[in-house]
Amino acid sequence: MRFIHTADLHLGVRPDAGPEYTKSRPEEIWDSLRDLIDRCEDEQVDLLLIAGDLFHRQPLLRELKELNAMFGELSHTKVVFTAGNHDYVKPNSMYRSFRWAGNVVPLLEGRLMKVEFPELRTAVSGFSYQERELQTGIRVEWRCVRSMENEILLLHGGDANHISFKRSEVDLLGYDYTALGHIHKPDLELTGKCRYSGSLEPTDLNDTGAHGYVSGTIEHGMVETEFVPAARREYLHLEIPVDQEMTGRMLLETLREKIQENGVENMYRFTLTGFRDPDIRFDAAHIDAGGGVVDVRDLTRPAYDFEKLCQTNRQNLLGRFIQSFLEGGQNGQDEVGQMALYEGVQAILETRRE
């Protein structure tokens with residue numbers, strides 16, 4: 001039996017993806033799901049398993065109709081999904097009254113449900129969130145009651161507010177495979193009977209690394225899985241070292257080179273570090289490197305010559321301030337002391353300029 005396991009698609013999310021991609025990014029996430037459905041059709045995959053957070057929030061009726069039409073085009077694949085903490089089943093949720101295509105089985109109750117596919121010798125169990133948080137652990141009533149050769153569980157959670165558990169506890173439930181959701185980073189190193197697929201596409205600036213889905217097979221109780229990268233773009237966090245020679249124009253060119261080097265299709269957070277010329281200021285909020293630059297953080301410090309500043313300002317506040325640090329041995333001794341010295345000197349100099 002062949003299956004594809006995905007989770008955390010967050011359809012409807014509008015992530016920040018930089019000036020070039022933010023507007024089109026929501027539709028790209030739908031497109032990635034369409035690609036996944038096409039693969040299911042091309043390869044005649046038996047089951048498409050979606051372990052929660054299919055939507056980023058309560059789905060609209062028109063969105064459910066679009067999604068159902070996509071699923072309904074599958075000639076062989078059965079689709080089983082649950083709702084997670086983002087798209088949990090409210091009393092007035094469109095999930096409750098919507099009529100799905102014949103090959104789609106939503107497990108939308110708060111209690112454990114099971115659907116059996118005799119032609120696949122497989123049963124899939126799961127439940128959906130009925131509220132935003134589910135502060136519980138693994139429950140004994142979730143244990144596998146075997147009725148088919150292959151038993152699969154869909155489980156969404158893994159932190160303190162959303163079903164806290166250890167992998168060993170999940171294994172003890174007795175399923176042949178547990179398709180996990182909620183954690184957006186996939187299990188790249190793990191294989192076997194219990195793993196996170198991660199989100200199909202990164203939806204947050206901190207969703208770094210590869211994203212995709214899990215492809216697997218179950219035969220005579222033996223499970224084999226592999227992670228398949230599929231995301232159109234990645235979030236990359238890059239550190240840019242700065243020295244006293246770098247100007248604003250040079251920095252802009254450096255950022256553009258890094259984008260070309262690491263892929264113009266990706267989305268970036270740049271962090272500037274090091275010591276800059278004291279007369280140079282990088283306006284991080286307005287650096288326009290184009291493409292998918294989401295954020296630029298300036299952690300640089302001005303390369304002050306404290307000894308010289310102290311000598312030339314011996315009789316005023318600036319000199320006395322620096323002298324207090326130098327005499328106390330704080331300059332270069334600890335990071336907190338250094339930060340206080342740099343920020344204090346900068347504040348005094350800026351006051352003077354005013």
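What radius of gyration does the chain have, and what would a compact globule of 354 residues have?

**Figure 1. The whole chain, seen as a predicted model.** The chain has a radius of gyration of 27 Å, whereas a compact globule of 354 residues would have one near 20 Å. This radius is taken over C-alpha atoms, and the globule rule is 2.2 Å times the number of residues to the power 0.38. Along the principal axes, the C-alpha atoms fill a box of roughly 90 × 40 × 40 Å. You can find 8 helices and 15 strands in the chain; these are DSSP runs, with helices (H or I) of at least four residues and strands (E) of at least two, numbered from the N terminus. Because this is a predicted model, local features need pLDDT of at least 70 and side-chain atom pairs count only at pLDDT 80 or more, while totals for chains, interfaces and linings use all residues. Residues are numbered from 1 along each chain as its sequence is written, and side-chain values use heavy atoms, leaving out hydrogens and water.

Figure 2. A contact means heavy atoms within 4.5 Å.

**Figure 3. The largest nonpolar core.** In soluble globular proteins, nonpolar side chains tend to be buried together. A nonpolar core is a set of buried Ala, Val, Leu, Ile, Met, Phe, Trp, Tyr and Cys residues joined through side-chain atoms within 4.5 Å. Of the 33 residues in the largest core, Leu11, Leu54, Leu67, Phe71, Tyr95 and Trp100 touch the most other members. Helix H1 (25-43), strand S2 (47-51), helix H2 (61-72) and strand S3 (78-82) each supply at least two residues of this core. The largest share, 6 residues, comes from H1. Apart from this core lies another, of 18 residues, including Val105, Phe117, Tyr177 and Ala179.

**Figure 4. Two residues with a positive phi, Gln44 and Asp53.** Most residues other than glycine have a negative phi. Glutamine 44 has a positive phi of about 50 degrees, and aspartate 53 has one of about 55 degrees. Are these residues buried or exposed, or partly exposed? Glutamine 44, in the loop between H1 and S2, is partly exposed at 35% relative accessibility. Aspartate 53, in the loop between S2 and H2, is buried at 1%.

**Figure 5. Arg146 and Gly174, from two loops.** Arginine 146 sits in the loop between strand S6 (122-126) and strand S7 (150-156), and glycine 174 in the loop between helix H4 (167-171) and strand S8 (177-181). Their C-alpha atoms are 8.8 Å apart, although 28 residues separate them in sequence. Leaving out residues up to four places away in sequence, Arg146 touches Glu151, Gly174 and Asp176, and Gly174 touches Cys144 and Arg146. Arginine 146 is partly exposed, with a relative accessible area of 44%; glycine 174 is partly exposed too, at 33%.

**Figure 6. Arg276 in strand S13.** Arginine 276 belongs to strand S13 (residues 267-276) and is buried, with a relative accessible area of 4%. Beyond residues up to four places away in sequence, the residues that Arg276 touches include Val242, Asp243, Phe282, Pro302 and Gln346. The C-alpha atoms of arginine 276 and glutamate 119 are separated by 68 Å.

Methods
Buried < 20%, exposed > 50% of the residue type's maximum accessible area, 1.4 Å probe, protein only.
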